[in-house]
Amino acid sequence: MRSDSARIGVITGITPSNRETRLSVFIDGRLETLYLSQVVRADLTPGAVRATLDEFNARLTALQLAEPSIANLYSLQAGRIDFIPYQFRPVLKFIRADRPRLLVADEVGVGKTIEAGLLLRELQARRPLRSVLIVCSKALVAEEKWHREMRRFDEEFVTLGSDELRYCLDQTDLEGEWPDRYSRAILPFSLVNDNLLQGFPQRGGVKGPGLSTLDTPPRFDLLIVDEAHNARNSDTGLHQGLRILADEAEAVVLITATPVQLGTGDLFALLNLLRPDLVIDRPTFERMAEPNEAINAAIAAIRATAPGWQDEAIAHLGEAAATDWGRVMLAPSPEYRNLLSATRSAATDDDRVRLIRPAESLHSFSTMISRTRRRDIGNFTSRKARTVEVPFTPEQQAVHDDLLALQRSIYLRTHGAGPLGFLMTTIRRQAASSLHGLAPFLEDILSRRLSDLELAEIDDDALDHGDADIAAVRSEIAAVVARAKNLSDEDPKLTALLDIVDQKAGMPNRRLLAFSSFRHTLAYLEQALRSRGVRIGLIHGGVADEDRRAIRRAFALAPEHPDAIDVLLSSEVGSEGLDFQFCDAIVNFDIPWNPMRIEQRIGRIDRYGQKSQTVAIYNFVTPGTVDFDIFQRCLLRIGVFERAIGGSEAILGEIAGRLQAVADDFRLTDEERRARLQQLADNEIRQIIETDALEEREAELFGVRIERTRMNDEIAEASSRWLEPAAIERLVGLHLERELDVGRNPISGQGPIKSLRLAADARRRLVPPRTRGTRLSLAEREWETWLRGDQQTLALTFDREAANEDRSLSFITPVHPLTQAAARSFASDEEVMVTLRITDPALPAGEHPFAIYQWQMRGLREDAMLVPVVEDPQVAAAFMDVFTRAHDASDVAPPGSATIEGLEGWHHEMWTRRRAAHIAEASEIARFRRDSLEASHRARVAILEEQLAAASEERIRRMRTGQLARANADCRESLDSLTIAERRADILPRRVASGTLRVEH
């Protein structure tokens, strides 16, 4: 109202008149009629708030956290890990894919579990992750490998046993949702069986709910399957259970070290499990691979820069589009047509180089597979292996021979069945490792003090032994214990180890890492070395995580430090998750029969960051033992000691099983055993070399090669200064100042380790509201425990390296609850106004008004971006890099309303062009995806109907019927989602900041 500016109303109707226009105005809760001269337009837009440069930067950080962009990585600073660029390759593929589903097929030593943790963190930064399920082998559950690795990301998982799994299925049946208390769970492969599929047996012969009988199967936000090649057989309960879980999951990550080969069925089985909507059957899989050879030829032409390269590249792209798969999926795609257009118009080298990435993205499987091989990221170092043959003393030889005779007798008497056969082999391996560790080992067996974890340390497929098994051989084992206890102290194997320790003590790097699969051997060595004054540490699966990390830190200390360790004794399980690239020598005091275990040992020092040109590998073997025969005839032939063999993990797993079978057969004479091992070397082991060569040829075919320089460039492009530790610290500090109404940042500390000190009432004000029954993450629980507790001071860090070094520090990451609260607070603010000064002779001097808009992309590709608007093109090009060198300038005038209006006009032109392109692109993508989805669905339904017709058992018939119903429902849901997303396509603009930048020379 002109007469009272506090009275504001809404015009609901206009009545023109030849005297004065009348208005219908809803004001003060009722409708009134007023004349036009009685009202003025209400200014409901509050003015921009003046802000400092720190507040301005904090606002930009908050906006990027609250509205994540696919251009940025949020997991770069989100884990207690070393920064290794190639480990972010799967994350980049994941966020750029049309569906969040990925097969991570990296070689051993690359860090697949770390990559899975980064994927989890990246997803968590972009959407709520209520439920995460990890499925892995029982050995990894016993070793708690996943538990340990996830704690590096401040995530805590619980293990599901039979009782817990039954409870979860019952609750899902009753409530329609997986129970919150198991929302972060680890499930062993052994429980993905008929009970999970069909339900656990109950009283009266009925079965409880199972995955295939639930009305609403559990839907996880993220499903991670480690060693996924174990599910390659579609007829197994494991495969069928994982298929239901994967079909219902929002995001899926399959992890394997299976080589990427067209000739094996493994890759098809995994991709079919991951993306049954695309990789429908084996013929489809092979058709999908067909265009890739021509795509590679096009990429080669683009790289070659020979005269006529554009015509050559376009011709090869045409060949790819002319294949069966190319005609349906490639030629109609917007990406393909855009690449053709860009290739024709490329005029400079920069234009040409920019074609490579979109060309590589056309590979049929490139968005589904991430495979990093050690050779692709460079040779870490060269391996210098030395065989140390240490014969038994006559006394030791006699005990060993009598033990073998006893084992052969027991084996033949009991037919070597089950756990007892394994027990006999394990005793023999302990004897080959250390006869001085044999007596305590056998005593623990007799008293049943060997834990599941100890058995897993000895062998991945260890079988527990029952009381009946022990009782059958108790007296005979007791006799061996007595013999072993009476052995003299003479031990050539220990003497050989001491010689190496003495040699290393005279070298610049005196550290030595010694491995054994047996804790009793490690304990014997620790006592012997410590008594000789060697500074020693011991880690195995039974040592607490914090103690293991403390020992690792001591091992990394300089030799002159009083707390330094020179020799570290370890089991494979004990060293899991710990990297020792500062050590350049290891001793295999005993040799595992599984080559992958050897690779894991060597990989602790032969890894990214190793400074030495060579690493020394000492292999202790005793002639006359089974271990010696396996080492000489098979393990040396494989070449595991000279080079990384991670690409052959699946084959090596099978070879390990064959080695075990030969070694376990006590009926074989020594000559027969050696002949079997030689046959194994001549046949199966030869395949490893052929497999390696085949993968080298086919790596290009699948589009999974990687160049180190390009990987680093992609990481740099995905980094954002507003997501770095300093930016997070600035945002959090300003949030605490504002929320607690204090005049200074309550976070103190000059280095990476900080301290937050708050009184009890201040801490209580920061406690976030929670709905009842919400399960908190580890970081949330620890944060709220401190807020509600009695401690005034919290030690924290924003630095990844400091957090990795000291796990007791609270790590404030982009997904930490304190950071998220700060982001919500600052992102909801209105526009801020800032005036800045910078000295830069490369930019035109003068005052440059600017505005920054946030564009929220809606539709098929949800995204957000910050868009600067500056009149001068030279300033505009460097604008987002200015803030690292700018300073507050209170004497610089902010832009006036007319200037802001001019900036708004330029912005509107930019927004109009980009919005039209975004809507057109959404329509084109929707049409392409709709056609592809319908074609894939028809093929998938045809296969399911064929399987249904051939199904013989009722259980299989019900499962196929359920899959068919789900496929139809999924297709309808996906088509509806496409339609909705296409209609929603838009760009929502919002001005978030404006100001003036004064450039001085």
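**Exercise 1. Contacts and overall make-up**

Find what share of the contacts in the protein with a separation of 6 or more comes from residues 24 or more positions apart.

*Solution.* Take a contact as heavy atoms within 4.5 Å. Keep contacts with a separation of 6 or more; residues 24 or more positions apart account for 77% of them. This is a predicted model, where local features need pLDDT of at least 70, side-chain atom pairs need 80 or more, and totals for chains, interfaces and linings use all residues. Residues are numbered from 1 along each chain as its sequence is written, and side-chain values use heavy atoms, without hydrogens or water.

Next, count elements. Helices (H or I, at least four residues) and strands (E, at least two) are DSSP runs, numbered from the N terminus. The protein has 39 helices and 26 strands. Then take burial: buried means under 20% relative accessible area, exposed over 50%, and partly exposed in between (1.4 Å probe, protein chains only). Of the 1001 residues, 55% are buried.

**Exercise 2. Two helix pairs**

Classify the packing of α22 with α23, then that of α1 with α36.

*Solution.* Axes are lines fitted to C-alpha atoms, for helices over the stretch in contact, and angles run from 0 to 180 degrees between N-to-C directions. Angles under 35 degrees are roughly parallel, over 145 roughly antiparallel, 65 to 115 roughly perpendicular, and the rest oblique.

Step 1. Helix α22 (residues 492-505) packs on helix α23 (residues 519-531) at about 55 degrees, with the axes 11 Å apart. That angle makes α22 oblique to α23. The α22 side of the contact is L494, L497 and L498; the α23 side is Y524, L525, A528 and L529. Sort by class: Ala, Val, Leu, Ile, Met, Phe, Trp, Tyr, Cys and Pro are nonpolar, Asp, Glu, Lys and Arg charged, and the others, Gly among them, polar. The α22 contact with α23 has seven nonpolar, no polar and no charged residues.

Step 2. Helix α1 (residues 53-66) and helix α36 (residues 817-827) pack at about 110 degrees, axes 8 Å apart. The pair is therefore roughly perpendicular. From α1, A58, R59, A62, L63, L65 and A66 meet T819, A823, F826 and A827 of α36. The class count for this contact is eight nonpolar, one polar and one charged.

**Exercise 3. A helix inside the structure**

Check the span of α8 and its burial.

*Solution.* Helix α8 (residues 237-248) has 12 residues. Now burial: 11 of the 12 residues are buried, so α8 is largely enclosed by the rest of the structure. Among the buried residues are the charged R243, D247 and E248.

**Exercise 4. Loop residues**

Locate F153, D154 and D741, and decide whether each is buried or exposed.

*Solution.* F153 sits in the loop between α5 (145-151) and β7 (158-159). F153 is buried, at 1% relative accessible area. Beyond its neighbours within four places in sequence, its contacts include A78, I81, I114 and R121. F153 and T813 are 660 residues apart in sequence, yet 9.6 Å apart C-alpha to C-alpha.

D154 also lies in the loop between α5 and β7. D154 is buried, at 7%. Its phi is positive, about 55 degrees, although D154 is not a glycine.

D741 lies in the loop between α32 (725-740) and β18 (747-748). D741 is exposed, at 68%. Its phi is positive too, near 60 degrees.

Technical notes:
Expected span 1.5 Å × (residues − 1).
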